[in-house]
Amino acid sequence: MWTNWARTASCTPARVVHPASTDEIAAAVVSGGRVRARGSGHSFNDIAVAPEVALDLDRWTGIVRADTESGLVTVRSGTPLHVLNTDLHRLGLAMPNLGDIDAQTVAGAVSTSTHGTGAKLGVLATAIAELELVLADGSVVTCSRSERSDLFNAARVGLGALGIISTITLQCVPSFVLQASEAPGRLDAVLEQFDDLCAVEDHVEFHWFTHSDRVILKRNNRIPEPAKPLSRARQLWEYEVMENAAFGAVCKVAKTFPRYTRRLNELCGSLISERSYSDYSHNVFVTPRRVRFVETEFSLPRETLMDVIAELRAVAGKLGDRDALIVPCEVRVAQADDIWLSTASGRDTAYISMHQALGMQYKAFFDAYASIAASVGGRPHWGKMHDLTATELRPLYPHFDDFLRVRDEVDPDRTFTNAYLDRVLG
Ligand SMILES: Cc1cc2nc3c(=O)[nH]c(=O)nc-3n(C[C@H](O)[C@H](O)[C@H](O)COP(=O)(O)OP(=O)(O)OC[C@H]3O[C@@H](n4cnc5c(N)ncnc54)[C@H](O)[C@@H]3O)c2cc1C
């Protein structure tokens with residue numbers, strides 16, 4: 001039985017195939033039955049569920065070719081991001097931006113519009129220069145801005161609905177060092193300067209302990225080498241002990257005694273200390289996440305961020321103790337792009353993600369957030385928890401019907417569908 005990381009989706013496929021070549025992917029696709037590719041199961045909803053044929057791409061990994069001059073790197077779709085990052089670094093290259101973790105596969109990450117933060121940077125899929133796909137009839141096609149551009153616009157964030165991505169060519173950048181600066185702060189003060197920070201910092205985000213006004217502000221900026229990373233002992237202390245072991249213990253207390261969750265928000269926020277170091281980008285962007293949680297996230301028009309936070313603040317004050325969140329919300333930004341189902345498609349975006357420790361109540365706050373987000377045209381992250389259907393999603397994406405048209409062309413019999421896609425695409 002397959003289960004996702006958050007233990008919110010599971011299935012027992014009729015058949016699991018581990019292809020090791022494009023031919024083997026194509027053979028599995030035409031072998032009969034509905035087919036889904038699996039990434040590393042880090043989506044919080046049932047998008048990766050494969051009830052019939054599951055393609056596990058764990059034997060389809062690694063870099064195929066790399067041009068260190070142009071930065072164009074072709075990678076097999078099942079490559080985990082942590083492997084990709086290390087291999088790129090050896091070549092003197094890096095991804096332009098990354099999210100919070102590196103456990104996802106490269107195809108899984110781009111397919112749901114995974115993003116990091118940076119007002120002048122797009123979601124991960126904006127780094128794609130070319131895709132090779134196996135379509136429902138077993139044919140292998142490539143697409144790019146100049147070749148089958150409609151398929152390219154659809155498949156960069158394709159939800160696994162259009163075909164199996166076999167390779168991805170990424171436009172990488174020379175490897176770079178980031179100066180990381182993390183500091184405790186107060187919500188009002190951070191909100192007041194947030195637009196200015198977005199304009200001047202390469203990457204800015206904050207984590208808000210929702211039942212208090214405590215935040216952690218994180219800023220990462222490109223600086224010349226050399227890097228001055230945290231010592232191994234400090235890394236162990238900060239990431240393993242404080243952010244994982246100690247925070248895991250806090251979550252256990254909140255789960256057992258929900259009436260303390262609000263006070264624990266305040267306590268956690270007050271215990272944050274400043275942290276400043278520099279390291280290669282992939283070591284700064286990602287951190288280990290060992291405390292499991294559930295998550296929802298909406299992409300919001302950038303200009304609505306302050307209003308949405310004001311409404312969330314009001315909700316946080318009204319909810320009962322049992323509905324309080326122990327994990328802080330995360331606020332990030334991304335630049336508008338031209339990918340049809342990217343959550344930043346056509347608009348500069350702010351993201352607010354909301355999390356709750358596994359086993360604790362989350363529905364009241366998540367539902368309240370979903371209706372606030374709906375009132376400003378919020379788009380749900382394709383890989384996180386949400387209840388929206390095609391009816392609500394169509395008006396949020398100017399190219400929704402273009403995506404469906406391409407889907408009809410390349411997968412008329414819905415070889416690649418599952419219950420989640422039936423819901424969100426109709
Ligand atoms: C702890 C944690 C932290 C996270 N942090 C972030 C973050 O910072 N930013 C963010 O935006 N998201 C984040 N996410 C969400 C995560 O990045 C996405 O859900 C991502 O899609 C998961 O990738 P995966 O490899 O696990 O893919 P899966 O969840 O296994 O699959 C996702 C989709 O990709 C499709 N797919 C996989 N491989 C292929 C292929 N070869 N061809 C076609 N389709 C394919 C699957 O069919 C499915 O539709 C986080 C998730 C977790 C659990």
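The points below describe the strands, helices, cysteines and backbone angles of this predicted model.

1. Basis of the description. The model is predicted, so local features need pLDDT of at least 70 and side-chain atom pairs count only at pLDDT 80 or more, while totals for chains, interfaces and linings use all residues. Residues are numbered from 1 along each chain as its sequence is written, and side-chain values use heavy atoms, with hydrogens and water left out. Helices (H or I, at least four residues) and strands (E, at least two) are DSSP runs numbered from the N terminus.

2. Eight strands form an open, antiparallel sheet in the order 16-13-15-14-18-19-17-20; two strands pair if DSSP finds at least two bridges between them. Strand 16 (275–280) and strand 20 (379–380) stand at the edges with a single partner strand each, so one side of each has no neighbour in the sheet. Strand 14 (residues 203–208) is joined to the antiparallel strand 18 (residues 329–334) by three bridges, and F206 has V331 of strand 18 as its bridge partner. Helix 10 (residues 363–375) lies across strand 17 (293–301) and strand 19 (349–357), at about 10° to strand 17. Such angles run from 0 to 180 degrees between N-to-C directions, with axes fitted to C-alpha atoms, for helices over the stretch in contact; contact means heavy atoms within 4.5 Å.

3. Six bridges connect strand 9 (residues 128–134) with strand 11 (residues 164–171), and V134 has I164 as its bridge partner in strand 11.

4. Helix 9. The 14 residues of helix 9 (residues 305–318) should span 20 Å at 1.5 Å a residue, and its end C-alpha atoms are 20 Å apart, which agrees; the expected span is 1.5 Å times one less than the number of residues. L305, V308, I309, L312, V315 and A316 are its buried residues. They cover an arc of only 120° around the axis, which puts them on the same side of helix 9; the arc is that of the directions from the helix axis to the C-beta atoms. The face turned away from this buried side carries the exposed residues D307, G317 and K318. Buried means under 20% relative accessible area, exposed over 50%, and partly exposed in between (1.4 Å probe, protein chains only).

5. Helix 12. In helix 12 (residues 400–410), the buried residues are F400, F403, L404, V406, R407 and V410. These residues fall within an arc of 160°, so they line one face of helix 12. Their cover includes helix 4 (149–155), helix 11 (390–393) and helix 13 (419–425).

6. Cysteines. The structure holds zero disulfides, a disulfide being a pair of cysteine sulfur atoms within 2.5 Å. The sulfur of C268 is 7.6 Å from the closest cysteine sulfur, in C251, too far for a bond. C268 is buried, at 11% relative accessible area.

7. Backbone angles. Most residues other than glycine have a negative phi, and most peptide bonds are trans. The bond from E225 to P226 is cis, with omega near 5°. L159 has a positive phi, near 55°, and is buried, with a relative accessible area of 2%. R7 also has a positive phi, near 60°, but counts as exposed at 55% relative accessibility.
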